[in-house]
Amino acid sequence: MTAERDEIVLKDQVLERLRTVIDPDLHRDIVSLKFVKNLHIDYTQGSVSMDLQLTTPACPVKDKFVEEIDHKLKDIGWVSSVNVTLTAQQNRRSSMEGQASSLTNVSFVLLIASCKGGVGKSSIAVNLAYMLSMMGAKVGLCDADVYGPSLGYQVPLREKVKGTPAGNMSPLEHKGVKLMSYGYLRPGDFAALRGPLASGMVKQMLTMTEWGDLDYLIVDMPPGTGDIHMTVAQSIKANAALMVTTPQQLSLVDVEKGVRVFNQLNIPTVGVIENMSYFVCDGCDKKHEIFQRGDTRIITDGYGIKHYFRLPLAPEFSRPVMEGSGKEANDEGLVFPYVLGHSDSDPLWKELRRTADVVARELSASRFGKKTPEVFIGEDNEVVLVTRRPIEASTEGDTNKNSKENTDGETNGHVEKPSSNQKEEGKKGDTKERANGEGREGEGGDDLFGGAGYG
């Protein structure tokens, strides 16, 4: 009995010290957050071992956690050895009406959008996906731009997409990241499709791909705020968006529109990336802003977006690295994408890593933190309500929850609801039609995904 009491006293002593370790994003201690698992104490050996179950394997402060735990526990007189095993919670998306089974084991869905073409959005999406993978996460990447798919160029693979016994698709994989794109399904082909069919095609790539267990699914959105954006937002329940812009005022204006649309769809924008922000001269190491910069306060102050990243203009960002860099290369001697062939000595790589850190922290905070809606005064004194509550609390009817419905079928934020006809057209590219080889004449051919080795 005395031994049991001693063990309880020792355990309370250890837990008391662990309660002083605070998660910087959730603002609570690791004990109350139930991060501490499998705590074992051996007084005679002076050892303490435990599992630290974090919100994501890509947690950017995990090493700091281990260091702080080791330091604080060794302050206890009898502790001489501390062993911390890092694990991550198996976060799963809530079961909701219309949620595809292929996405139930995906923890977070992040949309990369720009509303303006040519800003480097796809390059950022690819490199962010691989950066998160390098941080220890299981990552998937879906290229949702069927009109101009670029993933097949950025990550050129010889394999073809294959079908599964269940009638779905197996994603391709490169260096641990799962990939899906129209460019892999129909190499070299173009998509001349009207809105509903294009949206249906994107929905099939997202919901009929066997993604398996993923910590993050990155979706590279097409430019604009059209039909595909509405379909993606309403069918897969995205957790957050990351906007990409360039320094020019015109690009910032379009990004503002995108942020407003995502706010209406209850998808928080976790940050804005300003690509090609400046150029660093190799002779003087001076930053040169070669484009006239717009007023970023429109985005940061007007919509309460705390994170604004500036990426330098770097030619190597868009081309592979030759073998000899010390990184693993493909059989042509090239390394792709960019982050796999560079390191933290490169300013662009460091900023991409900082972006990935913020994305991981913000997504975890959105689910596990307790945040309330924030009110900001936007342009022309417009009141902007930004909801930062956990996305998983959403239900099927939350899409336009805060919008008053008008008689013409639009919300007061000009986010169009799909009409019954649009819904019916969007269904015409589903599994049965694809399996039967029946397409809509004049709108994309006989099989949306034919000719790519699929099926």
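Where in the chain does Lys34 lie? I started my notebook with that one, keeping in mind that this is a predicted model.

**Entry 1: Lys34.** I found Lys34 in the loop that runs between α1 (2-18) and β1 (36-42). I looked up its backbone and read a phi near 65 degrees, a positive value in a residue other than glycine. I noted this since most residues other than glycine have a negative phi. Is Lys34 buried or exposed? Lys34 counts as exposed, because its relative accessibility is 59% and the cut-off for exposed is over 50%.

**Entry 2: Lys237.** I then turned to another lysine with a positive phi, Lys237, where the angle is near 55 degrees. Lys237 sits in the loop between α7 (227-236) and β11 (240-245). Lys237 has 11% relative accessibility, so I put it down as buried.

**Entry 3: the cores.** Which residues have the most contacts inside the largest nonpolar core? I wrote down Leu111, Tyr216 and Ile218, in a core of 96 residues.

**Entry 4: the whole chain.** I counted 12 helices and 18 strands in the protein chain. Of its 455 residues, 52% count as buried. Among contacts between residues at least 6 apart in sequence, 71% join residues at least 24 apart. For the surface, I noted an accessible area of about 21600 Å², with 48% of it belonging to carbon and sulfur atoms.

How values were computed:
Residues are numbered from 1 along each chain as its sequence is written. This is a predicted model: local features need pLDDT of at least 70, side-chain atom pairs count only at pLDDT 80 or more; totals for chains, interfaces and linings use all residues. Side-chain values use heavy atoms; hydrogens and water are left out. A nonpolar core is a set of buried Ala, Val, Leu, Ile, Met, Phe, Trp, Tyr and Cys residues joined through side-chain atoms within 4.5 Å. Buried means under 20% relative accessible area, exposed over 50%, partly exposed in between (1.4 Å probe, protein chains only). Helices (H or I, at least four residues) and strands (E, at least two) are DSSP runs, numbered from the N terminus. Contact means heavy atoms within 4.5 Å. Accessible areas come from the Shrake-Rupley method with a 1.4 Å probe; for residues, only the protein chains shown count as cover.
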